[in-house]
Amino acid sequence: MRYPQGGGLTDAERTARERVRLQAVTGFEGGDKNREIAAALRVSERSVERWRRQWREEGLDGVASKGSPGRPRLSDIQIEKLERELERGPLTHGWSDQRWTLARVKTMIGRLFHVSYTVEGTWRLLRRHGWSWQQPARRAIERDDDAVEPVETGGLAAGKSTAAVNNAWVVFEDEAGQSMTPPRARTWGRQGSTPVISVRGRGSGRVSMAGTTCYKPGERSRLIYAIREYRGRKDEPKGFGWKDYRDLILRAHTQLGSPIVLAWDNLRMHLVAPLREFFEANTDWLTVFQLPTYAPGLNPQEGIWSLVKRDMGNLAAADLGQITRAVKCKLKMIQYRPHLIDGCLAGTGMTLD
């Protein structure tokens with residue numbers, strides 16, 4: 001059976017619903033919580049949450065009643081179950097990749113509740129309950145959460161304690177690179193026509209970056225970095241060697257003027273014998289902690305690389321020199337904005353307290 005627009009409501013019923021929404025807006029403006037508003041108006045918290053979101057985005061017009069499109073086909077309990085299954089990911093439900101498309105969500109609804117939705121109806125359902133089309137974050141499949149947890153709760157805490165005792169800086173190091181092919185970034189375009197970004201099809205080379213984010217309570221956060229170009233010439237090193245990492249650490253020590261507690265990952269070049277000997281010879285001012293494998297979320301330097309590459313999205317560089325200049329310009333800008341460096345630390349969920 002198909003229900004008419006408005007659900008067969010009378011004018012009096014529509015007026016009553018409009019009055020309830022206006023009362024909810026009064027509560028929003030007064031700073032009342034969703035639970036309090038829902039109890040006062042005898043409606044569900046989910047409805048109040050949806051009204052608040054519409055009110056923030058569109059004002060009074062957003063919460064104005066447009067009439068019911070029909071009876072809800074899924075109950076609140078079924079919606080909660082659907083959301084739990086969607087959060088488990090497509091791999092859990094038999095798909096080979098990790099994209100929740102409208103067609104797949106529609107299939108999931110049919111599997112779970114034996115209810116048939118159209119693709120458009122599925123889109124409306126997801127939007128109504130706070131889901132949107134997003135670009136996901138990445139996490140390595142090989143990541144060992146059991147190894148990450150002790151470092152978050154114990155290892156780095158020990159590193160911070162060591163830094164406090166020695167009046168040292170906590171320094172995070174990481175590497176990144178950028179080729180002539182720029183990272184893709186979302187852009188607006190005409191519906192039905194995919195935007196095409198022109199990039200250089202010729203040219204080779206790579207810009208390698210190594211950087212350290214440096215933190216100390218009561219001090220301005222620092223960013224210290226090194227850049228190397230690789231143009232494919234004979235006997236030209238492709239990336240950083242152990243001497244480059246040693247020199248970067250020495251430069252950080254010189255500029256900071258204090259002992260260092262260094263935290264970095266298990267890159268093969270970080271574990272070579274000459275570096276270990278360098279660490280052992282400088283224990284009076286240098287303490288080293290290894291981060292877990294495949295755990296970039298613990299390293300604030302990863303956030304710096306994200307800021308650099310975000311501004312390089314869709315860049316059509318003429319040559320490798322233009323890539324190098326763009327990287328240097330962005331890194332120099334970040335150096336003079338310590339709040340960005342602090343934000344990268346906050347993004348890991350860690351503090352220096």
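This note goes through a predicted model, from the whole chain down to single residues.

1. Basis. The model is predicted, so local features are taken at pLDDT of at least 70 and side-chain atom pairs at pLDDT 80 or more, while totals for chains, interfaces and linings use all residues. Residues are numbered from 1 along each chain as its sequence is written, and side-chain values use heavy atoms, with hydrogens and water left out.

2. Whole chain. The protein chain holds 13 helices and five strands; helices (H or I, at least four residues) and strands (E, at least two) are DSSP runs, numbered from the N terminus. Of its 353 residues, 36% are buried. Buried means under 20% relative accessible area, exposed means over 50%, and partly exposed lies in between, with a 1.4 Å probe and protein chains only. Among contacts (heavy atoms within 4.5 Å) between residues at least 6 apart in sequence, 69% join residues at least 24 apart.

3. Main core. The largest nonpolar core has 28 residues. Such a core is a set of buried Ala, Val, Leu, Ile, Met, Phe, Trp, Tyr and Cys residues joined through side-chain atoms within 4.5 Å. The residues with the most contacts inside the largest core are Phe172, Leu223, Ile304, Ile323, Val327, Leu331 and Ile334. At least two residues each come from strands E1 (169–179), E2 (206–215) and E3 (222–230) and from helices H11 (300–310), H12 (320–335) and H13 (338–347). H12 gives the largest share, five residues. A second, separate core has 21 residues, including Val171, Leu248, Ala252 and Val272.

4. Helix H12. This helix has 16 residues and reaches 23 Å from its first C-alpha to its last, close to the 22 Å expected at 1.5 Å a residue; the expected span is 1.5 Å times one less than the number of residues. Its buried residues are Leu320, Gly321, Ile323, Thr324, Val327, Lys330, Leu331, Ile334 and Gln335. The elements covering them include E1, E2, E3, H11 and H13. Beyond residues up to four places away in sequence, Val327 touches Met209, Ile227, Val308 and Met312.

5. H3 (residues 45–58) has 14 residues and a reach of 20 Å between its first and last C-alpha, close to the 20 Å expected. Arg46, Ser47, Val48, Arg50, Trp51 and Arg52 are its buried residues. Gly59 follows H3 and has a positive phi, near 75°. The axes of H2 (residues 34–41) and H3 come within 9 Å and cross at roughly 115°; axes are lines fitted to C-alpha atoms, for helices over the stretch in contact, and angles run from 0 to 180 degrees between N-to-C directions. On the H2 side the contact is made by Asn34, Arg35, Ile37 and Ala38, and on the H3 side by Glu45, Val48, Glu49 and Arg52. These contact residues divide into three nonpolar, one polar and four charged. Here Ala, Val, Leu, Ile, Met, Phe, Trp, Tyr, Cys and Pro count as nonpolar, Asp, Glu, Lys and Arg as charged, and the others, Gly among them, as polar.

6. Positive phi outside glycine. Arg42 lies in the loop between H2 and H3 and has a positive phi of about 60° although it is not a glycine. Arg42 is exposed, at 80% relative accessibility. Asp235, in the loop between E3 and H9, has a positive phi near 65°. Asp235 is also exposed, at 73% relative accessibility.

7. Two loop glycines. Gly205 lies in the loop between E1 and E2. Although 26 residues apart in sequence, Gly205 and Ser179 are 6.2 Å apart, C-alpha to C-alpha. Apart from neighbours within four places, Gly205 is in contact with Ser179, Met180, Tyr230, Arg231 and Leu320. Gly239 lies in the loop between E3 and helix H9 (242–256) and is partly exposed, at 28% relative accessible area. Not counting residues up to four places away, Gly239 touches Ser208, Arg228 and Asp244.

8. Leu262. This residue is found in strand E4 (residues 260–264) and is buried, at 1% relative accessibility. Leaving aside neighbours within four places in sequence, Leu262 is in contact with Val171, Glu173, Ile249, Leu286, Thr287, Val288 and Phe289.
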